[in-house]
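Please load the model in your viewer and keep a selection tool at hand. The stops below proceed by selection, and each states what is to be found there.

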Amino acid sequence: MNTHLSDVLPPWMLMLRQWLKHPRRTAAIAPSSPELATAIVAELPADARRVIELGGGTGALTKALLAHGIAPQDLLVLELNDAMHARLRRRFPQTHVVHGDARRLREIAAAEGFAGEGAADAIVSGLGVLSMERWLQRDIYAAAFDCLRPDGRLIQFTYGPQPPLADSVARELRLEAERGGFVLRNVPPATVYVYRKASGTA
């Protein structure tokens, strides 16, 4: 049986290696802590059944979502990094793990059965939105909300003190943000935000 280096390395080391290789494309230097995963899962709708995860990384949040009760076949995980995508595929073989860009989420979700009647109840994002250009934020969040049920929510964690999505982008997409938990026990400390369509928005 072949042993893959990405399986042998501890998650923190794999994340650090990928950050050193692709600092602009890898949002964190360490995997999300169990405390951050708990804070994110706490923001899921009570009836959440189908979930999309953007930026699966080493699988810390994927593991927490499955432990929360999301069935593997009802979880779509998107990861752009080659090594981390390969690790996720081997670690979670029954889950929809796709190598791809979040800007193509509409197409990917449709191909994986997460569109129309199968739209997600929630999207969990580990993407480094705060450091993105505004046009990229807009493209990703517009695609994400097209894959959510009308009252669905996007749960985003960030390392900055302010909301990760630029105010102008939130206004353009008619999104409102609610601040969730602050998690000190994470590297670096993180804040959770929940984005929804503004009241009265179709």
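How many residues has α7, and how far does α7 reach from its first C-alpha to its last? Select residues 134–146: α7 has 13 residues and reaches 18 Å, close to the 18 Å expected at 1.5 Å a residue. That expected span is 1.5 Å times one less than the number of residues in the helix. Helices (H or I, at least four residues) and strands (E, at least two) are DSSP runs, numbered from the N terminus.

This is a predicted model, in which local features need pLDDT of at least 70 and side-chain atom pairs count only at pLDDT 80 or more, while totals for chains, interfaces and linings use all residues. Residues are numbered from 1 along each chain as its sequence is written, and side-chain values use heavy atoms, with hydrogens and water left out.

**Stop 1: α7 and the cores**

Within α7, select Leu136, Gln137, Ile140, Tyr141, Ala143, Ala144 and Phe145, which are its buried residues. Buried means under 20% relative accessible area, exposed over 50%, and partly exposed in between (1.4 Å probe, protein chains only).

Next, centre on Tyr141. Leaving aside residues up to four places away in sequence, Tyr141 touches Val129, Leu154, Gln156, Leu165, Leu173, Leu175 and Tyr195; contact means heavy atoms within 4.5 Å. A second, separate core of 25 residues includes Ala37, Ala64, Ala122 and Val192. A nonpolar core is a set of buried Ala, Val, Leu, Ile, Met, Phe, Trp, Tyr and Cys residues joined through side-chain atoms within 4.5 Å.

The largest nonpolar core has 32 residues, and Ile52, Leu105 and Tyr141 have the most contacts inside it. Elements giving two or more residues to this core include β1 (51–54), β2 (75–79) and β4 (120–125). Its largest share, six residues, comes from α7.

**Stop 2**

Select β1. Val51 and Glu53 point one way from this strand, Ile52 and Leu54 point the other way, and all are buried. In a regular strand the side chains alternate between the two faces of the sheet.

**Stop 2: helix α4**

Which unit do β1, α4 and β2 make? They make a right-handed β-α-β unit: with the strands pointing away from the viewer, the path from the first strand over the helix to the second runs clockwise.

Select Thr62 in α4 (residues 60–68). Is Thr62 buried or exposed? Thr62 counts as buried because its relative accessibility is 0%. Beyond four places in sequence, its contacts are Glu53, Gly56, Leu75, Val77, Leu88 and Phe92.

Move to Leu65, also in α4 and buried, at 1% relative accessible area. Among the residues that Leu65 touches are Val41, Val51, Glu53, Leu75 and Val124. Leu65 and Glu53 are 12 residues apart in sequence and 9.2 Å apart in space, C-alpha to C-alpha.

**Stop 3: two backbone features**

Select Arg174, in the loop between α8 and β6. Although not a glycine, Arg174 has a positive phi of about 60°, and at 57% relative accessibility it counts as exposed.

Finish at Pro188, in the loop between β6 (175–183) and β7. The peptide bond leading from Val187 to Pro188 is cis, with omega near -10°.
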